[in-house]
Amino acid sequence: MGDQAAMITAILQSRLARTSFDKYRFQSISETLHMECKAEMVTPLVTNPGHVCVSDANLYFQPLNGYPKPVVQITLQNVRRIYKRRHGLMPLGLEVFCTENDLCSDIYLKFYSFQDRDEVYRLIAKYIENHIAEHTAESYVLQWQRGHISNYQYLLHLNNLADRSCNDLSQYPVFPWIIADYSSSVLDLTKPETFRDLSKPIGALNKERLDRLVKRYQEMPEPKFMYGSHYSSPGYVLFYLVRVAPEYMLCLQNGKFDHADRMFNSIAETWKNCLDGATDFKELIPEFYENDSSFLVNSLKLDLGKRQGGKMVEDVELPPWASGPDDFLQKCQEALESPYVSEHLHEWIDIIFGYKQKGSEAVAAHNVFHPLTYEGGVDLNSIMDPNEKVALLTQILEFGQTPKQLFTTPHPQRKIQKLKSLSRTSSHSTSIAESPVSPNEESFEDLTEESITLAWNNIAKLKLDTQCKIHKEAITGIAVTCNGSSVFTTSQDSTLKMFSRDSKTIQRSVSFSNMALSSCLILPGDTTVISSSWDNHIYFYSIAFGRQQDVLLGHDDAVSKIFWQDGRLFSASWDSTVKVWHCVPGETLSNKKHHFELLAHLEHDVSVNTMDLNAANTILASGTKEGTISVWDVTTATVLHQLPHHSGTVFHAAFSPDSRHLLSTGEDCCFKVIDVQTGMLVSSVSTEEPQRCFKWDGNTILSGSQSGELLVWDLLGGKVTERIKGHTGAVMSMWMNEQCNSVITGGEDKQIMFWKLQY
C-alpha cells in the first residue's frame, strides 16, 4: 500500500512540477500576480491537487483534473474570515470563508509546506479589516458569559478555533450529547437528571465500563490510553449523516453500507450504546442542534439494509417526547440553551478543548486517547519508510483527531441572571409581560437597577455641566458627600479641598504635609474624610470640627490608594504591600483618636499602584507598577491569582457590578478583562493611548484618557462608540454616583469637571 501511494504521489508531484497556473484564467488583464504554489483542495474524504495563485484581487485554485470546475475563484474583497488549520495533525491547512457565521467554508486548502501556507494567509489577511488573527478563544469567552452569543454559537467558535471543519471529516466539529432521557413521553428540562453529566467524557459515564477500562489502562505498557476509539472520527460523522451523504459512506466502506444493525437506527439505541458499548464513545455533531432535520429522514429512499428482526432501515427512530424530526431538533436546541447546560457547559469544554485534554488532568478525568490522536503525537516528516508513513497518516485521518487545545486553565462558568435586565440596545423599560415581578411587587431595587441600565445605555449622552480650576497640580482623588452638595478633592499640590457644588466655591483647603496626596474617601455619616499621602501617612480629617483628627503611619513608602468598608481600612502602597486595618472610630474612645489594628498584610513583589474590592468585600484586586494583577481572598489573606497581564504600570482596576469579572488598564494601552473565579483572561482591547481611569457596568466602559478625552467603549465589540472632549491633560480620577447619571472628573490640568447625563 505504501509503495502504491508513493508511486501515485510521485506521478502527481511530477505533473504539478511540469504545469503552472493558467494566467488566462485571471478575471482581469490588469491583475498582478503576488504568489503561486502547489496545494490540494480538501473536501470530505478527498484531496484534489492543483495550483494556488494569489493576485492583487483574487484567490484562485486550478485543480489538475478540472474538478469540481476548471478554476475556483474567490474575490479577496469578499473574504470575511480565514483560519490556519492542521491537516493530518500538521500545520499545512488554510480555510477561507466569505460569510460571517456559516459553518461551511468557501475553500479549504492543504499546502505542501507551512511557509507557502503562511504566505498565502498573509496576502489574504491584509484584505480583511478584522482578520481572524485578532480572534482568540478567550475573546469569545466574555461574549458567551454575558449572554451575547448562545451556547451553540460559542461551541461553533471553539470548534473553528480548534481546527474543526466541515470539509475535513477527520476533524469535523464536535458537539456534546446533552439529553440523557430518551424514554419519557415529555422532556422536562427543569430536572437535572434529564441531562447527561457534562463533567465526564462519554467513556466515563458508565462506572462499570469505566472500571474495566481503568484496570486495562493500569496494566497497559507505555504508551497508555484508556479508549481504543475516539469520540469524533470520519466513520462516526458518516454514521450520523449517511442518509444525506451516502456517497461518503460508500467511499469509506469500499462501496458498501455498514451492516443494517450497526446503522444509525434509533436515537435511544445510539445513546444506550454510547453508555454501554465496549468501544463506542462518540459525541454528536452540530447538525443535532441546527434546523435541517434531513439527516434523520431517508428521503432519498436508500436501501440501507434489513435488520435482524426483518425491519428495513428507514428514518431514524425518535424518542417519545419528539413529535417529529423538526420537533426533535427544536427540543435539542432548547436543551442546549437551557439554564442547566449553560451552567455546566464549561465542564465539557475543559474536557474537549481545555486543561483536562492532556497530561495529568486528562488522566484524572479519565480522558486519555491514543497518542496518535493528539497534536505532536507523531512527527510524520521524520518517518522515512513510505509504508509506515502511509499507515500512520491513514490511522490519523481515519481514527479521529483530538481538537487543538484552546485553554490550559479551568474554563469560566456561565451564570444565568435570575432577573431579566433591560435590553442593551433599547432605552425603554421592559414590558409588564416580560417583567419577572408584577408592577405591584416591583421593588425599589428593581427600579434602581432599571435606572442604572438606562443610564449606561445612554452614557454617550454625557454633557459637561460645570468646570472649575481648584488646585495648583494634578487632581488625584474625588469624594462626594451623600447629599451631593460637597466635593472633596486631593491633589499632587499636597492639599485636600472642599468644594461647594451649589455656590461653586472652595470652602476649605487643608494641607497635612508638603507631599502629594494620592486619594480620598468619606466615611459613612459624612463626618470624616480620609486622605492618603506620598509621605507614607493616611490622614483623618473631621469635617464637623474642621481639623486633622488622626494620622496613621501605615507604610514605608507612598500610599497610593485607600478603601473603607465595614470598619476596615484597606491601604495600598509603593512599599509593595496592601494592608487591611480594623479601625475603631475616635468618638468611642476616651482620647478621641482612632484605634488601628492590622488585620492582614498582603505582600507583593513591587510597588502597588491601585486596588479594588468586590461587592461582598471578600475579594481584593491589586495592580502593580510592573503590570501584575493579583486577586486576593481577603478572608484568608491568600492570593488566588497572580497575572502578569500588563507591560508597565497598572493605572486602574475595578470589579464588574456582579463581581464576576475584573477590568484593568495600564500604560501599555490595553484594557484587560479576567474571570475572577478562574483567573482566565477573557478579553483584551487595545487603545490608541493609555486610559488612566474608568467606570464600567460589565459591558460598557467610560474611561478617562491620557489626552483628556472621555471615551465610551463597547467592550464586547472592542471599539470606541463615543469621544467626549474633556480635559487638556490626562484624566487622573473619576467619580460616578450610584444612579450612574452624574460624573465628576479630575485632570492633570488642575480642573474638576461636572458631567450630567441628558437623555
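Predicted model: local features only at pLDDT ≥ 70, side-chain atom pairs only at ≥ 80, totals over all residues.
Q: Why are helices α3 and α4 called roughly antiparallel?
A: The axes of α3 (residues 137-145) and α4 (residues 151-161) cross at roughly 175°. Angles over 145 degrees count as roughly antiparallel, and α3 and α4 are therefore described in that way. Their axes also come within 10 Å.

Q: Which residues of α3 and α4 meet?
A: From α3, Ala-137, Tyr-140, Val-141 and Trp-144 take part, and they meet Asn-151, Tyr-154, His-157, Leu-158 and Leu-161 of α4. By class, this contact comprises seven nonpolar and two polar residues, with no charged residues.

Q: What makes Arg-85 and Asp-163 a salt bridge?
A: The N to O distance between their side chains is 3.8 Å. The cut-off is within 4 Å, so the pair qualifies as a salt bridge. Arg-85 belongs to strand β5 (residues 81-87), whereas Asp-163 lies in the loop between α4 and α5, and the pair, 78 residues apart, links distant parts of the chain.

Q: How do you know whether Arg-85 and Asp-163 are buried or exposed?
A: Buried means under 20% relative accessible area. Arg-85 has a relative accessibility of 1% and therefore counts as buried. Asp-163, at 2%, is therefore buried as well. Both residues also belong to a network of salt bridges that includes Arg-86, Glu-95 and Glu-375.

Q: Why are Glu-119 and Arg-122 called partly exposed?
A: The class lies between the buried limit of 20% and the exposed limit of 50%. Glu-119 has a relative accessibility of 28% and so counts as partly exposed. Arg-122, at 45%, therefore receives that label too.

Q: How many salt bridges does the rule give?
A: The count comes to 23 salt bridges.

Q: What makes β15 and β16 a pair of strands?
A: At least two bridges are needed for strands to pair. Strand β15 (residues 537-542) and strand β16 (residues 547-553) have six bridges, in the antiparallel sense. Tyr-541 stands opposite Gln-548 in β16. The two strands form a hairpin with four residues between them, and Gly-546 in the turn has a positive phi of about 65°.

Q: Why are β29 and β32 called edge strands?
A: The open sheet has four strands in the order β29-β30-β31-β32, with antiparallel pairing. Strands β29 (691-696) and β32 (719-724) each pair on one side only. From one strand to the next, the twist averages 25°.

Q: How do you know that β29 pairs with β30?
A: Five bridges join β29 to strand β30 (residues 700-705), and the requirement is at least two. The two strands run antiparallel, and Trp-696 stands opposite Ile-701 in β30.

Technical notes. Residues numbered from 1 in each chain as written. Heavy atoms only, no water. Axes fitted to C-alpha atoms, helices over the stretch in contact; angles between N-to-C directions. Parallel < 35°, antiparallel > 145°, perpendicular 65-115°, else oblique. Contact = heavy atoms within 4.5 Å. Nonpolar A, V, L, I, M, F, W, Y, C, P; charged D, E, K, R; others polar. Buried < 20%, exposed > 50% of the residue type's maximum accessible area, 1.4 Å probe, protein only.
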